[in-house]
Amino acid sequence: LNQGFDDCATVFASFKLIESFEGLLEREFIQADLERKHLELLKAYGTDLRDVQDTFTRQRARSAEGFYLEREGPPLYMNMPPVAGALYWARGLLDRVREPMDKLTAMLKVMLESEEAKEVTKAYGALFSAIRDFEAEQHAGWSKDVETISQAKLKQPLLRREEATQLLAVNFDPELVCLLREVKYLLELGHAVPDSALHLNKSAETFRVQRGSLQLIVGKYNHIMQTMRAVEQPLLQSQLKQIDKQLEKGQKNLNWRSHSIDDFVRETTTLVRDAYDTLLELHKNMKAIEEVLTKWAAESLIKRKPTKTYAPEEFEEEHKGALAARYADIGQEGKNVHRLLLESNKVLKVSKGAPTWRAYVEFINDIVIDGLARTVAYSLETLNRSEEHTSELQSP
């Protein structure tokens, strides 16, 4: 048993050892033999108590550098809100000294009459009171602002539009997010929370779902506004007007206390999704057209083996055959370009004679012309390189 005490590295381990021999320790001759060990245990607990007191005094106003989340206030574990994090830190310090003290009182009744034990008990009482006062102060400071925050922030509109970019954002205030997280952790710690916070906490899951749905709407709407080309905007103008009219409700009429949020989310999701899918289809078809043109420009219209010498008639005959096959391929792929353009028209549900559609067709025509020009340019470059190679072979 004495050897076990010597091997114990912490106060907790020493108390665990005492618990293991609880029945034997009541014998008088064993108690006498362990009296010195008990005194060492008491001193070790006193040292631990002073360490906790020092940590509490130093870090209650500012967390230690390199530990937790550094801030002006108690150490904060990552992912925890400020007040609940401070209380969690204080509770950890309290548990560190309270459990050994409880065991000390139960196991070492004789030692508690000594001067050393009285000093330890007094220091423990002072530290216990200080930590409890700190917890009460933190909790009271938070509780007085709960009602104000919840009432004011819940009256804010669902959405807001950034003035500089005109992009949308979900307008759920970060203070509300923090408040909901505080309530969650405080309830887990067993602290009382105001009725307004409890009422708000009951809607936490509802808020989470609504925020997620609105974030999807905002994400798709912003994607439309950021990727839509100038020539595409007139084609989507009617859809965008409907969307903006619907979004005004979320920017001006509805707040987080409104009862029709789910209806707004459902209607807005349908409108935004339709416009998003339409634009996505336009971009997909345009990308397919550009891939066709890139394929044309990657292969020269002139083909000849650089190491072979051709007679004019032989080259002319071979070139005509290759050119005819290439023109046939280009013609077939040109039909695919036309088909992709018709698919875009079908998705948009716009008349082929409408000025907006004709402008879009001209835009695609310019892309096709550019692709043909790149094809011709690459063929000329190939011909130029072939002539340079021939000149090099003929030079003495």
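1. A crossing of two helices is called left-handed if the near helix is turned anticlockwise from the far one by less than a right angle. In this predicted model, helix 5 and helix 7 cross in that left-handed sense.

2. The pair consists of helix 5, residues 115–153, and helix 7, residues 195–202. Their axes come within 8 Å, and the crossing angle is roughly 55°. That angle makes helix 5 oblique to helix 7.

3. On the helix 5 side, the residues in contact are Trp142, Val146, Glu147 and Ser150. Helix 7 meets them with Ser196, Ala197 and Leu200. Sorted by class, this contact has 4 nonpolar residues, 2 polar and 1 charged.

4. A second pair is formed by helix 8, residues 204–227, and helix 10, residues 261–297. Here the axes come within 9 Å and cross at roughly 30°. Angles under 35 degrees count as roughly parallel, and helix 8 and helix 10 are therefore roughly parallel to each other. The crossing of helix 8 with helix 10 is left-handed.

5. Helix 8 contributes Gln210, Ser213, Leu214, Ile217, Lys220, Tyr221, His223, Ile224 and Thr227 to the contact with helix 10. Residues of helix 10 that they meet include Ile261, Asp262, Phe264, Val265, Arg273, Tyr276, Leu279 and His283. By class, the contact between helix 8 and helix 10 comprises 11 nonpolar, 7 polar and 3 charged residues. Lys220 in helix 8 is among the residues in this contact, as are Asp262 and Arg273 in helix 10.

Terms used. Residues are numbered from 1 along each chain as its sequence is written. This is a predicted model: local features need pLDDT of at least 70, side-chain atom pairs count only at pLDDT 80 or more; totals for chains, interfaces and linings use all residues. Side-chain values use heavy atoms; hydrogens and water are left out. Axes are lines fitted to C-alpha atoms, for helices over the stretch in contact, and angles run from 0 to 180 degrees between N-to-C directions. Helices (H or I, at least four residues) and strands (E, at least two) are DSSP runs, numbered from the N terminus. Angles under 35 degrees count as roughly parallel, over 145 as roughly antiparallel, 65 to 115 as roughly perpendicular and the rest as oblique. Contact means heavy atoms within 4.5 Å. Ala, Val, Leu, Ile, Met, Phe, Trp, Tyr, Cys and Pro count as nonpolar, Asp, Glu, Lys and Arg as charged, and the others, Gly among them, as polar.
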